[in-house]
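Reader: Can you walk me through this one? I'd like the cut-offs along the way.

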Amino acid sequence: MGYHYFRGKGWVPKTGLKYGTDLLLYRKGPPFYHASYSVVVEMVDDSCQGLQRRPFTWQSLAGLVRITTNVSKELMLCYLIKPTNMTEEEMTSPECMKRIKVQEVLVNRWISSRERTDQEEL
């Protein structure tokens, strides 16, 4: 579902296994640009509860952000939020995309020395 969501927004999604994520998002495709985002996709219900496919610890999240930053990409967490009353049978139909909400969260690494330098310039 994440693939179809980003494809509908004009991105070219490819597999992100190389960097430990689900998707890489390209503006026009790999021959034209490097990927802009590494995306982790998680399905949750509308109370933001759900069985995570890969539960993050602070260490694993920090490592994923570091890898993503080192390859000049931004890490995005994409939450597919399905209504709690949606059945598994409804989930097999393409019509379910109309009822699923999507929340995109960008995750950045805070670097204190960079922050200090920016403050000194002000």
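Author: Contact means heavy atoms within 4.5 Å. This is a predicted model, where local features need pLDDT of at least 70 and side-chain atom pairs count only at pLDDT 80 or more, while totals for chains, interfaces and linings use all residues. Residues are numbered from 1 along each chain as its sequence is written, and side-chain values use heavy atoms, with hydrogens and water left out.

Reader: Good. What does Lys82 touch, not counting residues up to four places away in sequence?

Author: Lys82 is in contact with Met43, Val44, Asp45, Asp46, Glu88, Met91 and Ile100.

Reader: Where is Lys82 found?

Author: In strand β4. Helices (H or I, at least four residues) and strands (E, at least two) are DSSP runs, numbered from the N terminus.

Reader: And is Lys82 buried or exposed?

Author: Lys82 is buried, at 17% relative accessible area. Buried means under 20%, exposed over 50%, and partly exposed in between, with a 1.4 Å probe and protein chains only.

Reader: How far apart are the C-alpha atoms of Lys82 and Arg99?

Author: They are separated by 6.9 Å. Along the chain, Lys82 and Arg99 are 17 residues apart.

Reader: Now charges. How many salt bridges does the structure hold?

Author: There are 3. The test is a side-chain nitrogen of Lys or Arg within 4 Å of a carboxyl oxygen of Asp or Glu.

Reader: Which residue forms a salt bridge with Lys82?

Author: Glu88 does, with the closest N and O atoms 3.9 Å apart. Glu88 is exposed at 59%, whereas Lys82 counts as buried.

Reader: What about Glu90 — which residue forms a salt bridge with it?

Author: Arg99, and there the closest N and O atoms are 3.2 Å apart. Glu90 is partly exposed at 33%. Arg99 is partly exposed too, at 34%.

Reader: Which side chain meets Lys98 in a salt bridge?

Author: That of Glu95, at 2.9 Å from N to O. Lys98 counts as exposed at 67% relative accessibility. Glu95 comes out at 49%, so it counts as partly exposed.

Reader: In which sense do β3 and β4 pair, parallel or antiparallel?

Author: Parallel, over 9 bridges, with β4 spanning residues 74-82. Two strands pair if DSSP finds at least two bridges between them. Val41 stands opposite Cys78 in that pairing.

Reader: And how many bridges join β2 to β3?

Author: 3 bridges, and these two strands run antiparallel. Strand β2 covers residues 23-26. Leu24 stands opposite Ser38 in β3.

Reader: You mentioned Cys78. How many disulfides does a search of the whole structure find?

Author: It finds 0. The cut-off is a pair of cysteine sulfur atoms within 2.5 Å. Cys78 counts as buried at 1% relative accessibility, and Cys96 is buried at 5%.

Reader: Rings next. How many aromatic pairs turn up?

Author: A search of the whole structure finds 2. The rings of Tyr5 and Phe6 have centres 5.0 Å apart and planes at 75°, so that pair is edge-to-face. Rings of Phe, Tyr and Trp (its six-membered ring) pair if their centres lie within 6.5 Å; planes under 30 degrees apart count as stacked, over 60 as edge-to-face and the rest as tilted. Tyr5 is buried at 18%, and Phe6 is buried at 1%. Trp11 and Tyr37 also form an edge-to-face pair, 5.5 Å centre to centre with 80° between the planes.

Reader: Why does the pair of Trp11 and Tyr37 tie together parts that are 26 residues apart in sequence?

Author: Because Trp11 lies in the loop between α1 (2-8) and β1 (12-15), while Tyr37 is in strand β3. Tyr37 is buried, at 17%.

Reader: Which ring does the charged end of Arg27 sit over?

Author: The ring of Tyr33, 5.9 Å from its centre. The test needs NZ of Lys or CZ of Arg within 6 Å of the ring centre and within 35 degrees of the ring normal.

Reader: Last one, backbone. What is the phi of Ser72?

Author: Positive, about 60°, although Ser72 is not a glycine. Most residues other than glycine have a negative phi. Ser72 is placed in the loop between α2 (58-70) and β4, and it counts as exposed at 63% relative accessibility.
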